[in-house]
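We'll walk from one stop to the next.

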Amino acid sequence: MEIEQIEILEFLKRHSPFQELPADQIQQVALSIDIGYFKAGSDILRFNEPLHALHLVRSGAVETFRRNGDLYNRLSEGGIFAEQGLLRGGKVRFPATALEDTLIYFIPDNVFQQLFDENEFFADYVQVGDSERRKTSKASSQARADLLGATVGTLLSREPVSIGSDANVWQAAQLMTEQSVSSLLILDKEQHLTGIITDKDIRARLVAPGLKSETPVTDIMSANPVTIEQQQYIFEAMMLMLRHNLHHLPVVKQQKAVGVIAISDIIRFESQNSLYVVSRIFRKQTIAELQLLVPDVHACFVRMVNEDANSQMIGSAMAAIGRSFKQRLLELAEAQLGPPPVPYCFLALGSMARDEQLVLTDQDNALVLDNRYDPAEHDSYFEKLARFVSDGLAACGYTYCTGKVMATNKEWRQPLKVWQQYFQSWIEQPTAERLLQSSIFFDIDGVWGQTQWAEQLQRLVSNLARKKTLFLASMARNALNRTPPLGFFKDFVMEQDGKQNNSLNIKRRGTAPFVDLIRVHALAIGSTESNSYSRLQDITAAEIMPKGRAEDLRDAFEVIAMTRIRHQAAALRQGTEPDNNVLPEQLSEFERKHLKEAFQVLSNAQKFMKFHLKA
Amino acid sequence: MLYLGPNQQGDSTRAASSTDWQQYYQQQAAGAKHPLLQQFYGTGMVAAHTPISQVPLVAIDFETTGLSADNNGIVSIGLVPFNLHCIFSSKAQQWLLKPRFQLSDNSVTVHRITHSEVKSAPDLTAVLPELLPLLAGKVAVVHYRQIERDFLSASVKVRLGESILFPVIDTLELEARLYRTKPLSWWDKIRKRQQVSIRLDASRNRYNLPPYRPHHAVTDAIASAELLQAQICHRFSPDTPVSELWC
């Protein structure tokens, strides 16, 4: 009688690239499969052995290796391997070992070749989808040796070199020479970290001013240095160093210093060069020189995409670069215009404040001035300062804001007390129209000067907004103005009303409504975060959504954000102007499917918000 | 595999048999009267000292109308040839049979084979010429040997006038060697300690094999084959003589 392989068939129906096959083909695959069990630690494939089958992980976990022994991939249930070997001569290219007790389905070579020849999706998945699949399968595994997963601890190669806070600089320099280190930790009597000195500190703070070498180390050290925990990720260390423009970062474990990482450690570890770009920004002397860095910024963006960085890493690296441009421009402006007549804080708004900047971006900025600010006396200075920065940013690829949210606009160049009134009035007398223009002000970050004012404004917002139902409802209503499309087909976008479009503005229909939605929820729970992922963490912790929903949002947001990022990287690679218009036909079946699901999540979340905040 | 009901298995802790199956097959080949059985035994059997890695294996599973072979029949047979390296599920076979005994409603709910499906199915007699050559020369692998061995023996006796006997490796018995060596002590009973389950799904779980929907003959046969591969990997070796495993 006709045989049924119920379990095998059901399994294939749950996993790509099999579930996409037509019914008769998937049935044929199910009937062709043989099975093998491999105990944890045993070899599944050895290099160069003849290969007869595509391997599909039914249960357990498998690691594949390069010839030099480096881990190539880690696969779990549903993962396939040995496809490269089958496509290139029928010999094992990447040896495989069972990481756990593993059951493998063998799909015979002839069936695999037939699927590969006849089914375009299958062929794409097996070939092009390889790096994509590697990323997703890696993301679910625990121990990883790449930038995404490696912790700061893995960079530490030696015990930290330290000296007591009662030592003088001469002793410190001797110790540093003896140990050949470029930085030295300063510990107090309780062995707590109180400061750090570097080669540069000795040069700039001791030798240059002509101090004696008997000067106590505490006089020239950077006190209470920024530190990082041993188990934090390397990319977090990188972001911290970018943000504070540091070259050395002490690493601590339970408040005890366990080492120091230097920028060179990270560069050696990680070839991408956002750090180089930032350090070069600060060495440029004119706007024209800064402008020359734009190709490097783009190259850095493309490189991060190529290296499978996630949207959070790319967004924060690009924001760090943008912030550095602003900071350098302000330094140059002050050098040209002289010191400011009253203190000020230069604000970044929108994507830069959220650490979600990409290459195609407006400059959204504002100036908060000291309350002693007198327009008649001081405004010409700040007007010139704002103009200088704004023109400089435009020259460096950050186009003028079409909504005029820039410090060059007098309305957004005001003392702190006026800003406080702005926020109070937006929150306490809200109308949807007024808030439409001002939602960008709820993502703020101080980039220069009195940055504590930015934090003050953030706290004000978080205290005021939480309980204002009318305000939240208005914000929510605005956030619902832009909706995701219903879905994607091979070459058109299906709208909610059944209309079809050829292209999709992935920002307007995807990332922007997502950011809006997350912002409203964040305001509703009094979160002081700006980054969407950090806000989502607060939202998860506040338990305002059904369990698991916030995690779904995070994953869906990542899918949409990465689609946008890859689209822009592709344009840069081809030497064309990056934009936000994604053509469905440029996406793989795999991407279309995930994007469709992500839009569904967004659409459901919008419905939930409408109900939850009575928009 | 057949549904045993709660706690019905358990005391089959007999160690591997000392029967010389090679010799037995030679005797039977000479003594059997029915040509199907002459052929079956004539194919021969591996010697007792043969390493398990060299032994051709066949996992079988019967779905039956009930537990006892005396007044119940076989409803379906699933079979899959394999060895230590590969389970040839692509060569699996399955037959639906019309039992000579009534199909109880209870057994219908267990293996989901209905009266109407069975009505149009053939009698075992028609299937034996296909089935026996697939078993010939191979060591059968089952989970709980009483079912497959007793039912086949009884059914064949009714139909061919002679019974059939062959070596089996019982994956349940291999588990029982670990978990049924001594009965629960009174102290364990007082503490309401449960015996470790040696049912198919529970045993598979201990070797990190995935759960399957039970009572589908081919699936259960594959499940036993996978279990044996796992048991050999973890507890025996490819060089273990088959005599340590069969009975």
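Select Ile77 of chain B and look across to Trp95(B): Trp95(B) is the bridge partner of Ile77(B) in E3(B). Now colour residues 74-82 of chain B, which are strand E2. Four bridges tie E2(B) to E3(B), and the two run antiparallel. Strands here are DSSP runs (E, at least two residues), helices likewise (H or I, at least four), numbered from the N terminus; two strands pair if DSSP finds at least two bridges between them.

Before going on: this is a predicted model, where local features need pLDDT of at least 70 and side-chain atom pairs count only at pLDDT 80 or more, while totals for chains, interfaces and linings use all residues. Residues are numbered from 1 along each chain as its sequence is written, chains are lettered from A and ligands numbered from 1 in the order in which they are written, and side-chain values use heavy atoms, leaving out hydrogens and water.

Zoom out to the sheet in chain B. In what order do its five strands lie? They go E3-E2-E1-E4-E5, in an open sheet with mixed pairing. From one strand to the next, the twist averages 25°.

Next, select 145-160 of chain B. This is helix H6, packed on the sheet and touching E1, E2, E4 and E5 of chain B (contact means heavy atoms within 4.5 Å). The direction of H6(B) makes about 80° with that of E1(B); axes are lines fitted to C-alpha atoms, for helices over the stretch in contact, and angles run from 0 to 180 degrees between N-to-C directions. Then try 217-235 of chain B: helix H10 lies across E1, E2, E3, E4 and E5 of chain B, at about 40° to E2(B).

Now show both chains. The contact takes 21 residues from chain A and 27 residues from chain B. On the chain A side, pick out strand E1 (34-38), which gives the most, with four residues.

Last stop: chain A's sheet, E13-E14-E15, open and mixed. Strands E13 (228-229) and E15 (256-262) of chain A each have a single partner strand, so one side of each lacks a neighbour in the sheet. Select 248-253 of chain A: that's E14, joined to E15(A) by six bridges and antiparallel to E15(A). Val251(A) has Gly259(A) as its bridge partner in E15(A). Finish on helix H10 (234-244) of chain A, which touches E13, E14 and E15 of chain A.
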